[in-house]
Amino acid sequence: MITSQFHYRNGVLHVEEIPVKDLIAEYGSPLYVYSATQLIQNYRAVRAAFAPLDPLICYSVKSCGNIGVLKVLANEGAGMDIVSGGELQRALVAGVPPERIVFAGVGKSREEMQQALAAGIFMFNVESTQELDRLQAIAAIAGKKARVALRVNIDVADPDTHAKTATGGRHTKFGIPLQQAQELYLSTDRSALEINGLHIHLGSPIPSPHTYTTAFDKVIEVIKQLRKVGHDITMVNIGGGYPVSYRDPNDIEVPSIGEIGARICEKLHALHGQGVKFMIEPGRVISATAGMLLSSVEYVKQGWDRKIAILDTGMNSLIRPTLYGAHHPIWPVSYEDYSGSWGIYSTAVAGTQEMDVVGPICETGDFFALRRRLPPLSEGDVMAIFCAGAYGMSQASQYNSRPRPAEILVEGTRSSVIRRRESYKDLLEHEIDSL
Ligand code: PLP
């Protein structure tokens with residue numbers, strides 16, 4: 001049974017020990033709110049799930065990269081999975097030791113490679129021959145040796161996730177086709193590189209343990225073949241993509257990280273016994289349930305056949321519903337005398353009606369939920385959009401010239417601003433010179 005840090009007490013939604021309405025009163029709306037305790041709980045659940053492999057856990061910064069969030073995880077001992085020079089800066093500013101940072105992504109620029117080498121990161125996950133050549137040249141000039149894992153595209157037949165987030169198939173831009181990768185491992189002309197790692201990341205999220213274990217069978221086979229010809233793989237980065245339930249914290253339909261970890265550890269146990277060092281790159285399984293977006297009702301209007309609740313932010317703050325067809329639980333922050341987790345919306349509640357919950361952006365795709373059953377709403381009601389910690393604020397934009405929300409971190413009875421609300425000045429300041 002998972003204890004969520006987002007729970008109703010006598011009809012009042014709390015984050016840890018703070019009533020959410022107090023946060024709105026103090027910091028305004030819309031607002032991203034994260035629970036430090038939930039982040040830590042989720043991180044520790046990952047650590048426990050993968051303990052038999054003793055991996056370096058590199059939290060995926062892209063899922064929620066606020067420095068305040070990174071600091072909480074760095075204090076727990078997390079490393080970071082980065083995909084840009086900007087994310088490198090975030091990780092370093094948060095105090096993450098460089099030797100716990102791994103750098104993925106298909107398009108690393110020269111500058112980004114130089115910065116990462118100068119910082120002394122642990123490993124580059126390299127995605128093409130061209131990138132390998134560039135890294136060799138840059139490392140040679142810098143007089144450094146770069147540790148490399150080749151990101152191998154093993155062509156996962158059934159990625160078991162949304163087409164836009166499946167990264168392990170042959171038709172995606174990710175990784176090096178298996179055959180090519182095997183040849184690259186055996187090429188010996190890159191003296192500034194130490195190419196003894198293998199990286200895969202299948203997609204995000206991947207709910208079926210079977211997808212991972214089938215993929216890892218291929219990885220084990222590749223390592224065996226390489227060893228036969230004298231090339232040892234000593235580091236294996238198995239990526240991220242571990243799922244969460246966007247319906248209920250105790251949803252049994254989505255395997256827990258404990259279940260997935262157990263299946264993966266069982267599969268990779270033998271490699272661990274042979275001295276292989278593991279890395280994992282979990283993002284959403286740590287950050288998704290640790291964050292929510294609060295947004296206030298501006299209007300409730302009557303459409304042709306249903307009510308439409310218009311909130312004070314939309315796809316500019318949380319694009320997942322329209323980008324991936326993602327489901328996010330939504331419920332008012334004050335609701336009768338309900339006590340319990342945010343899973344309330346999934347129970348049949350009397351007096352609800354179907355309505356659309358949309359934002360103010362001028363796009364038909366600007367919605368949080370369509371035909372969702374909700375209690376009657378009126379202007380000023382604050383809505384909680386749950387499970388928005390991952391790929392929420394990190395994908396937010398200023399579209400329609402709307403300043404991004406503030407971000408707040410809560411721990412127990414304390415709250416602090418970890419990103420101030422953007423102002424109109426923030427919107428305009430990069431363009432001032434052209435006036
Ligand atoms: N590692 C890599 C290389 C990724 O591309 C991603 C997500 O896109 C992740 C890890 C994290 O995925 P998730 O947040 O689903 O764990």
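Predicted model: local features only at pLDDT ≥ 70, side-chain atom pairs only at ≥ 80, totals over all residues.

Student: What does the C-alpha trace span along its principal axes?
Tutor: About 70 × 55 × 45 Å.

Student: And how much of the chain is buried?
Tutor: Of the 435 residues, 55% count as buried. The chain exposes about 18500 Å², and carbon and sulfur atoms supply 52% of that area.

Student: How many helices and strands are there?
Tutor: The protein chain has 12 helices and 22 strands.

Student: What about contacts between residues at least 6 apart in sequence?
Tutor: Among those, 70% join residues at least 24 apart.

Student: Switching to helix packing. At what angle do H8 and H9 pack?
Tutor: About 10 degrees, with the axes 10 Å apart. H8 covers residues 209–228 and H9 covers residues 257–273.

Student: Roughly parallel or roughly antiparallel?
Tutor: Roughly parallel. Angles under 35 degrees count that way, so the pair qualifies.

Student: Which residues make the contact?
Tutor: From H8, Pro 209, His 210, Tyr 212, Thr 213, Phe 216, Asp 217, Ile 220, Ile 223 and Arg 227. H9 brings Ile 260, Arg 263, Ile 264, Lys 267, Leu 268 and Leu 271.

Student: How do the residues of that contact divide by type?
Tutor: Into 9 nonpolar, 2 polar and 4 charged.

Definitions and conventions: Residues numbered from 1 in each chain as written. Heavy atoms only, no water. Axes fitted to C-alpha atoms, helices over the stretch in contact; angles between N-to-C directions. Helix = DSSP H or I, 4+ residues; strand = E, 2+ residues; numbered from the N terminus. Parallel < 35°, antiparallel > 145°, perpendicular 65-115°, else oblique. Contact = heavy atoms within 4.5 Å. Nonpolar A, V, L, I, M, F, W, Y, C, P; charged D, E, K, R; others polar. Buried < 20%, exposed > 50% of the residue type's maximum accessible area, 1.4 Å probe, protein only. Areas by Shrake-Rupley, 256 points an atom, 1.4 Å probe, with all protein chains shown as cover.
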